[in-house]
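Keep the sequence and the 3D view at hand as you read.

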Amino acid sequence: MVEGKVVVVTGAGGGIGRDIALALAAEGARVVVNDIGTSTSGEGQDAGPAQQVVEEIRAAGGQAVASTDSVAESLAAGRIVQCALDTFGRIDGVVNNAGILRDRFFHKMSLDEWDAVLKVHLYGSYYMSRAAASHFKEQESGAFVHMTSTSGLIGNFGQANYSAAKLALVALSKSIALDMQKFHVRSNCIAPFAWSRMIGSIPTDTPEQQARVAKIQQMTPAKIAPLAVYLLSDAAREVNAQVFAVRNNEIFLMSQPRPLRSVHQGGGWTPQDIAQHAMPALRSSFVPMERSGDVFSWDPV
């Protein structure tokens with residue numbers, strides 16, 4: 001489905017990114033496997049994971065090259081895109097998958113924990129997208145796939161930094177889609193459910209927690225890859241500015257903010273009027289405060 005296309009996949013040294021890179025190569029794409037080889041919290045550096053995925057792709061008859069530049073720096077992101085151009089002569093797609101975690105309850109979160117996560121997830125996705133955008137515009141084709149999260153779309157405990165970055169990424173994707181649609185450039189998001197080292201710290205102290213983890217472990221990263229490949233293919237030319245979620249064998253189309261209900265008063269509103277009339281009318285349509293685990297609590301199919 002992506003024969004001859006050149007796609008950059010960030011964070012492709014393991015987990016979801018690795019499986020997307022392998023699936024793209026199996027479908028004919030030439031892949032830039034980008035990963036700096038850090039821990040889940042962003043420490044250290046190791047060129048091994050990216051190179052290992054490249055060797056897997058080549059062993060299967062595909063074409064790939066490793067990149068160990070960091071998406072969190074604009075100049076480095078430019079080098080990642082340039083790697084695609086230098087090696088394969090063009091760039092057709094970017095999968096913004098690289099990420100780290102610095103989980104902490106909001107009232108205990110440090111500035112460094114906030115900054116580090118936003119730099120990789122949000123700034124990194126912007127830097128990569130911006131570096132590729134000029135080439136997409138010139139050739140009047142291209143596709144972005146950004147990995148968001150239900151932690152951002154719905155909410156979660158102890159992840160204010162990660163949630164903020166992932167919801168902001170949805171807004172970035174929509175803006176890219178609107179700005180670049182006239183150049184036939186598409187931008188979509190995937191919120192993945194998959195067992196990887198990024199969620200490997202979920203506690204398993206009780207039988208209930210152990211059962212929950214066992215269910216999550218059914219959701220392998222390979223389940224995410226087919227949708228990413230499709231969104232990067234020409235078959236998805238009419239799919240733009242959407243947010244999908246994948247959970248095992250299910251694909252969800254996620255809702256996006258729209259007005260739910262309105263109240264009108266010809267003479268305007270005072271704070272007292274709002275308390276007495278507007279808010280009672282609106283309250284029945286309030287969206288409940290939930291976390292992603294509450295909304296997606298049924299057993300995966």
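## Aromatic pairs

This predicted model contains 3 aromatic pairs. Rings of Phe, Tyr and Trp (its six-membered ring) pair if their centres lie within 6.5 Å; planes under 30 degrees apart are called stacked, over 60 edge-to-face, and the rest tilted. Tyr 126 and Tyr 127 make a tilted pair, with 5.8 Å from centre to centre and 55 degrees between the planes. Tyr 126 is partly exposed at 40% relative accessibility, while Tyr 127 is buried at 17%. Here buried means under 20% relative accessible area, exposed over 50%, and partly exposed in between (1.4 Å probe, protein chains only). Ring pairs also join Tyr 123, Tyr 126 and Tyr 127 into a cluster.

Phe 136 and Phe 144 form a tilted pair as well, at 5.0 Å centre to centre and 55 degrees between the planes. Phe 136 is buried at 0% relative accessibility, and Phe 144 is buried at 1%.

Now look at helix 9, which covers residues 271-283. Helices are DSSP runs (H or I, at least four residues), numbered from the N terminus. Helix 9 has 13 residues, yet its end C-alpha atoms are only 16 Å apart, short of the 18 Å that a straight helix would reach at 1.5 Å a residue; that expected span is 1.5 Å times one less than the number of residues.

At His 277 you will find a kink of about 35 degrees, shortly before the proline Pro 280. The bend at a residue is the angle between axes fitted to the seven residues ending there and the seven starting there.

## Reading notes

Residues are numbered from 1 along each chain as its sequence is written. In this predicted model, local features need pLDDT of at least 70, side-chain atom pairs count only at pLDDT 80 or more, and totals for chains, interfaces and linings use all residues, while side-chain values use heavy atoms, with hydrogens and water left out.

Technical notes
Helices (H or I, at least four residues) and strands (E, at least two) are DSSP runs, numbered from the N terminus.
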